[in-house]
Amino acid sequence: MSAVNGDDIGEVVLTHGQRRGIRLIGLAGVIGGILLIVVAILAWIGVSNQLRAENITIPDDSPYFAGKTVDGPIDAFIQAGVINAHALEASGGKTYAELDQDDPVRDTVMNASFLRASLFTSVVSFGVALFAAGVGVIFVLFGWALRMLVPSPARTSARATAPPAAA
């Protein structure tokens with residue numbers, strides 16, 4: 001049970017079990033946060049390696065990063081835009097849905113749409129990895145804060161038995 005002691009600041013006194021529970025929750029937050037950060041880094045590296053393995057190079061007519069190998073979220077987004085521009089140019093400005101079923105360009109525009117969807121999936125994957133890493137950092141900070149706010153039972157007992165400091 002918690003009890004409020006008579007100090008002006010209204011200090012809450014925690015039992016040994018409550019103190020241990022709060023510190024355990026803090027530790028779980030720190031460990032969970034570290035795991036989220038590690039998994040996010042591994043996901044980022046995995047998606048980046050897969051993109052790099054495809055050997056996609058941003059073409060020279062791109063307004064940005066021409067000649068760069070696609071291996072990150074910005075590159076993938078830019079390459080998807082270039083593919084869209086090329087598909088619209090090939091189809092006279094029409095999307096896949098706007099082309100007649102027997103139009104020979106329809107297959108090209110469809111493939112371009114599939115490629116763009118794959119690139120956008122990688123962009124989303126990078127975003128999810130970044131989000132997971134951010135949540136991991138927050139978990140670590142909250143867990144660490146809980147552990148700092150509630151001293152360990154061993155530190156509390158040592159402090160209670162220590163002689164008072166000389167003034």
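The crossing of α2 and α3 is left-handed, meaning that the near helix is turned anticlockwise from the far one by less than a right angle (clockwise would be right-handed). The axes of α2 and α3 cross at roughly 165° and come within 9 Å; axes are lines fitted to C-alpha atoms, for helices over the stretch in contact, and angles run from 0 to 180 degrees between N-to-C directions. That angle makes α2 roughly antiparallel to α3, the classes being roughly parallel under 35 degrees, roughly antiparallel over 145, roughly perpendicular from 65 to 115, and oblique for the rest.

This is a predicted model, in which local features need pLDDT of at least 70 and side-chain atom pairs count only at pLDDT 80 or more, while totals for chains, interfaces and linings use all residues. Residues are numbered from 1 along each chain as its sequence is written, and side-chain values use heavy atoms, with hydrogens and water left out.

**Overall make-up**

- The protein has 4 helices and 2 strands; helices (H or I, at least four residues) and strands (E, at least two) are DSSP runs, numbered from the N terminus.
- Read from the N terminus, the order of elements is β-β-α-α-α-α.
- Of the 167 residues in the protein, 23% are buried, where buried means under 20% relative accessible area, exposed over 50%, and partly exposed in between (1.4 Å probe, protein chains only).
- The accessible surface is about 11,200 Å², and carbon and sulfur atoms account for 67% of that surface; the areas come from the Shrake-Rupley method with a 1.4 Å probe, and for residues only the protein chains shown count as cover.
- Taking contacts between residues at least 6 apart in sequence, 52% join residues at least 24 apart; contact means heavy atoms within 4.5 Å.

- Helix α2 covers residues 73–90.
- α2 has 18 residues and spans 26 Å from its first C-alpha to its last, close to the expected 26 Å; the expected span is 1.5 Å times one less than the number of residues.
- On the α2 side, the contact with α3 is made by Pro-73, Ala-76, Phe-77, Gln-79, Ala-80, Ile-83, Asn-84 and Ala-87.
- On the α3 side, the residues in that contact include Val-109, Ala-112, Leu-119, Ser-122 and Phe-126.
- Buried residues of α2 include Ala-76, Gln-79, Ala-80, Ile-83 and Ala-87, and what covers the buried residues of this helix includes α1 and α3.
- Because an α-helix has 3.6 residues a turn, residues three or four places apart point the same way.
- Gly-92 follows α2 and has a positive phi, near 70°.

**Helix α3 and Ser-122**

- Helix α3 runs over residues 106–149; its 44 residues reach 64 Å from the first C-alpha to the last, close to the 64 Å expected.
- The buried residues of α3 are Arg-106, Val-109, Ala-112, Leu-119, Ser-122, Phe-126, Ala-129, Ala-132, Gly-136 and Gly-143.
- Both α1 and α2 are among what covers the buried residues of α3.
- Ser-122 counts as buried because its relative accessibility is 8%.
- Beyond its neighbours within four places in sequence, Ser-122 is in contact with Val-47, Leu-51 and Ala-76.

**Helix α1 and its packing on α3**

- Helix α1 (residues 16–53) has 38 residues and reaches 55 Å between its end C-alpha atoms, close to the 56 Å expected.
- The axes of α1 and α3 are 7 Å apart, and the two helices pack at an angle of about 160°.
- That makes α1 roughly antiparallel to α3, and the crossing of α1 and α3 is left-handed.
- Buried residues of α1 include Arg-19, Arg-23, Gly-26, Gly-29, Val-30 and Gly-33, as well as Leu-51.

**The loop between α1 and α2**

- Asn-55 lies in the loop between α1 and α2 and has a positive phi of about 55° although it is not a glycine.
- Asn-55 counts as exposed because its relative accessibility is 62%.
- Phe-65 is in the loop between α1 and α2; Phe-65, not a glycine, has a positive phi of about 55°.
- Phe-65 counts as partly exposed, at 42% relative accessibility.
- His-86 of helix α2 touches Pro-59 and Asp-61, not counting residues up to four places away in sequence.
- His-86 and Asp-61 are 25 residues apart in sequence and 9.9 Å apart in space, C-alpha to C-alpha.
- His-86 counts as partly exposed, at 34% relative accessibility.
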